[in-house]
Amino acid sequence: MRKIADNIYSVGAIDWDRRLFDELIPLPDGTSYNSYLIKGQEKTVLIDTVDPEKTEILIDNLVSAGVTKIDYIVAHHGEQDHSGSINDVLLLYPDAKVVANEKCKKMLIDLLCLDESNFLTIKEGDTLSLGDRTLEFIDTPWVHWPETFSTYLQEDKILFPCDFFGSHLATSDIFVENESAIYGPAKRYYAEIMSPFRRQIRGNLKKLEKFNIEMIAPSHGPVYKNPKFIIDAYAKWASEDVKNYVMLPYVSMHDSTRKMVEYFSQSLMDRGVKVDVFNLTDVELGKLAMGLVDAATIVLASPTMLIGAHPSAGYAAFLVNALRPKTKFMSIIGSYGWGSKMVDQLTGMMSQVKAEIIEPVVTKGYPTEDDYAKLDELADAIVAKHKEASLM
Ligand code: FEO
């Protein structure tokens, strides 16, 4: 149990070893499941719990600190990495009420088999007194599930936003010590789970403007004593602004597509466009997702396999479609041996991305001088689009 302010403690768990979330999202730096204990004059509240794997740590922290009574467990979010220990906490503190909004309550009943009688249902703007301190509840939906709300501790000016503003980072630092070091993990986290909901996030940021926030204590990663840093970063990431930047994920079987990627990336660089080439046989999802936060253009490169796209390119297209990036322009380059439906297949797979398609370039076999000229034309077209969009 570690103090973050007077009578407010961090009682959650650091997960140094976890390397995958949702069996999908890489966690190169581990993560933490933050739970906070607020000891008010009259009432004691636990803010969120921890992943079921780490229940023992949370319970140990509470017991060894001599916590004999918990009146409320605020459950901001139904996902089990924060709610998964609620049943165990209730076994130890059976009189505690689970505080949740209507949507979150229904989810917790479905996911954890809790009973209606376990809950104190709140709604936006409600307050809950702990005696000398007051919790105020704010709906902050779609960060990244629809039910999520946040708690503002009025007297201490601390915001507890659960996943919102979090970062997957296992560290012994309770507070952010180095803002430039947390920027990457926080952006990666935003990119992987928050970015499809940027419109709703902008709404949530607007809603938070009226609160005087002096500290943000998220449920993953360290606590921000300078909230402006992460709020400003979110405002930038969640805006519709893009950069003069092309993402070029590719896979190649017999070098034709790789040769096109090599030529095309140089062609873009020669024209003053920033480009990142990602070999899809070796790239991890977090890097792709982070690129999508900024890229004005995505060009996906694939050979043809059994008439369609290479499955690795298909995976990238599926991922891009799921993350619905703000990317403004898209194209496809690649190759085939005797016939191909690769372009139609990949563009079909990215139908949720509201980007303008620029004429793809597909070669039969190894690229020829004509094909390189077409790649130069594609680079020219991208430069023209970026200039029209005032990106260069
Ligand atoms: Fe950290 Fe959406 O759970």
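In this predicted model, seven strands form an open sheet with mixed pairing, in the order 1-2-7-8-9-10-11. Its edges are strand 1, residues 2-5, and strand 11, residues 119-121, each of which pairs on one side only. From one strand to the next, the twist averages 30°.

Strands of a sheet pair through backbone hydrogen bonds, in a parallel or an antiparallel arrangement. Within this sheet, strand 2 (residues 8-10) and strand 7 (residues 36-39) run antiparallel and are joined by 3 bridges. Ser10 has Tyr36 of strand 7 as its bridge partner.

The chain as a whole contains 12 helices and 23 strands. Along the principal axes, its C-alpha atoms fill a box of roughly 80 × 40 × 35 Å. Among contacts with a separation of 6 or more, 72% are between residues 24 or more positions apart.

Several totals for the chain are collected below.

| Property of the chain | Value |
|---|---|
| Residues that count as buried | 57% of 392 residues |
| Accessible surface | about 16600 Å² |
| Part of the accessible surface belonging to carbon and sulfur atoms | 50% |
| Distance between the mean positions of positive and negative charges | 4 Å |

As for the surface, carbon and sulfur atoms contribute 50% of the accessible area of about 16600 Å².

Note on methods
Residues are numbered from 1 along each chain as its sequence is written. This is a predicted model: local features need pLDDT of at least 70, side-chain atom pairs count only at pLDDT 80 or more; totals for chains, interfaces and linings use all residues. Side-chain values use heavy atoms; hydrogens and water are left out. Two strands pair if DSSP finds at least two bridges between them. Helices (H or I, at least four residues) and strands (E, at least two) are DSSP runs, numbered from the N terminus. Axes are lines fitted to C-alpha atoms, for helices over the stretch in contact, and angles run from 0 to 180 degrees between N-to-C directions. Buried means under 20% relative accessible area, exposed over 50%, partly exposed in between (1.4 Å probe, protein chains only). Contact means heavy atoms within 4.5 Å. Accessible areas come from the Shrake-Rupley method with a 1.4 Å probe; for residues, only the protein chains shown count as cover. Lys and Arg count as positive and Asp and Glu as negative; His and the chain ends are not counted. The place of a charge is taken as NZ of Lys, CZ of Arg, CG of Asp or CD of Glu.
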